[in-house]
Amino acid sequence: MWKGISFGCQFAWVIAIAHAASVALAETIATNDNTTALVASIFSDDWNVSFVFEEMEEEEEEEEESEAVITSVIDNSTDQQQPQLVLKGQSNDNDSVMQLRHNIIGQKKRHRPTKRQNKAKRKMKNKRRPGRRPGRRPGGNSRPNRQPNPRPNQRPGQQRPGGQSRPTLSSNPSCFSTSTYDSIDEDIFKIASSIRNDDKTKSHFLGGIVRLAAHDFMDYDRRDEDNPMGMDGCYDVNHPSNDGLETIWCRNCALRLLYEKKYSGLSRADFWVASANAVIRQTSVRNALNLKASFKWGRKDRAACRGSGDRLPESSSCNEVEDVFLTKMGLSWKDAVALLGAHTLGRGDRSFSGHHGTWVDTDKDAQVFDKAYYEELFTNPWRPRNMGRRNQDWTTGRGDGNPRVMLNTDMCLVFDIEQLVKQEKPCCTRTNGYYPDGMNRCVDREAARRRCPMYSQHDERQVATDHVREMLGGSSPNNNNRPFYTAFAEAWGKATTVGQDNLLPLRGNCERT
């Protein structure tokens with residue numbers, strides 16, 4: 001087919017075919033009833049022919065994996081790409097997060113050929129091209145079969161987080177400047193701002209970035225001298241504790257596309273922390289919580305972190321907070337209480353963790369990083385939900401509005417509920433409130449008969465309750481977020497640097513002298 005055609009024409013043909021394929025895929029998915037928009041990735045003009053072939057072969061050979069709620073548009077008219085979050089659809093029950101995920105996975109399953117079909121297809125290609133040895137490509141450049149050449153800033157043989165087979169991008173940058181940090185902040189803002197008229201998806205995206213960074217550092221165990229883990233740009237994609245993160249960090253997720261197209265010279269770990277810092281600053285009241293001055297870089301990525309999910313705190317036991325944050329990470333109760341305040345951002349989804357709802361009143365409120373989490377703990381009548389099941393948690397309200405959630409690990413900061421939960425005896429945190437129609441605000445009659453006890457002054461967990469009260473900033477209601485912001489900045493700084501050696505502050509510039 002290529003005989004007698006110049007290299008320039010071959011290049012043009014490949015680009016045209018790739019572009020046509022992306023447009024066709026977009027048109028196919030856009031026909032779904034629940035799909036409102038789709039953006040396909042556009043090949044930039046400076047990619048070479050071999051890179052296009054690698055991408056096509058990798059797409060055929062990769063295992064099926066969960067896709068993102070969001071994708072990215074790369075503006076090839078400028079030198080810098082401008083990622084934009086694109087809402088792909090909304091289901092009848094407004095559960096856009098999971099409907100989009102199922103739509104994308106369904107398209108992948110319908111259109112992706114099997115490995116056996118791919119193998120037969122490659123054999124036929126080799127038979128049609130006399131003189132071409134397996135593993136040799138047009139132009140004379142050869143490589144072993146099924147082993148793509150590393151792209152710029154990649155190290156051959158590395159793996160993606162979770163043990164996937166594609167090589168990872170290089171780590172250990174030589175410089176991280178203040179302008180790069182500010183650029184990440186600006187790009188995160190652009191992505192978040194492009195999510196319009198969908199508070200559920202936006203709160204999921206913002207909270208998901210902070211959760212990604214937190215799940216990277218919460219596997220740290222100072223007692224394990226051989227493999228302490230911690231911030232290493234890796235999480236166990238197969239562990240249930242990380243369910244939902246595949247909608248934040250995946251091949252077509254906006255956050256990962258931003259990293260690979262623009263910030264691949266940084267380690268993933270540094271990028272995740274900087275991105276989480278950006279979300280925290282942008283969503284804090286009047287942008288008051290700026291963590292730029294305390295940010296340090298130089299974290300090293302690892303290819304796989306099998307078993308890291310087992311170190312994450314489970315939601316079922318009151319002992320989990322103490323075990324993970326105090327015993328393993330070496331933090332204080334105040335640090336642990338402050339870090340849990342990040343639950344004010346984002347939401348839980350029954351399709352991921354089994355826990356459904358927001359920690360604060362609405363999905364709009366779940367886009368604000370403030371002390372509302374602590375206020376909700378004290379002021380609402382929380383009752384147990386799904387008693388005796390793996391996804392047992394707490395909820396409040398009649399269920400006629402936005403679903404609400406608190407985990408056992410949240411409730412245990414204030415209420416001594418561990419034995420009641422084990423015995424499956426429901427209780428309610430505030431039993432003296434009533435709706436206008438006379439119904440107790442606990443809703444559940446059995447729970448309304450028993451008020452959840454708080455810790456006694458002699459209980460070792462009373463210190464956690466004291467710190468929750470401290471985060472409230474005084475008598476309610478008030479707008480004083482300063483105690484929470486101060487405590488969180490200190491705790492976040494410790495958690496994102498624990499176990500790290502030789503971290504460096506941001507540089508003024510990265511120009512060589």
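**Salt bridges and a helix crossing**

Modeller: Arg 299 and Asp 270 form a salt bridge through their side chains, with 2.7 Å from N to O.

Colleague: What makes this pair a salt bridge?

Modeller: The term needs a side-chain nitrogen of Lys or Arg within 4 Å of a carboxyl oxygen of Asp or Glu. Arg 299 and Asp 270 are at 2.7 Å, so the pair qualifies. The two residues are 29 apart in the chain: Asp 270 is in helix H8, and Arg 299 is in the loop between S1 and helix H9 (319-328). Helices (H or I, at least four residues) and strands (E, at least two) are DSSP runs numbered from the N terminus. The model is predicted, with local features needing pLDDT of at least 70 and side-chain atom pairs pLDDT 80 or more, while totals for chains, interfaces and linings use all residues. Numbering starts from 1 along each chain as its sequence is written, and side-chain values use heavy atoms, without hydrogens and water.

Colleague: How many salt bridges are found in the whole structure?

Modeller: The search gives 21. One of them joins Asp 182 to Lys 292, with the closest N and O atoms 2.9 Å apart. Asp 182 is in helix H5 (residues 178-193) and Lys 292 in the loop between helix H8 (268-283) and strand S1 (296-297), so this pair ties together parts 110 residues apart in sequence.

Colleague: Why is Asp 182 called partly exposed?

Modeller: Buried means under 20% relative accessible area, exposed over 50%, and partly exposed in between (1.4 Å probe, protein chains only). Asp 182 has 36%, so it is partly exposed. Lys 292, at 25%, also counts as partly exposed.

Colleague: In the salt bridge of Arg 223 and Asp 221, which residue is buried and which is exposed?

Modeller: Asp 221 has 8% and is therefore buried, whereas Arg 223 has 52% and is exposed. Their N to O distance is 3.0 Å.

Colleague: Why is helix H10 called oblique to helix H15?

Modeller: Two packed helices are described by the angle and the distance between their axes. The axes (lines fitted to C-alpha atoms over the stretch in contact, with angles from 0 to 180 degrees between N-to-C directions) of H10 (residues 333-340) and H15 (residues 462-471) come within 9 Å and cross at roughly 50°. Under 35 degrees is roughly parallel, over 145 roughly antiparallel, 65 to 115 roughly perpendicular, and the rest oblique. H10 is therefore oblique to H15.

Colleague: Which residues of H10 make the contact?

Modeller: Trp 333, Lys 334, Val 337 and Ala 338 do, with residues of H15 including His 467 and Met 471. Contact means heavy atoms within 4.5 Å.
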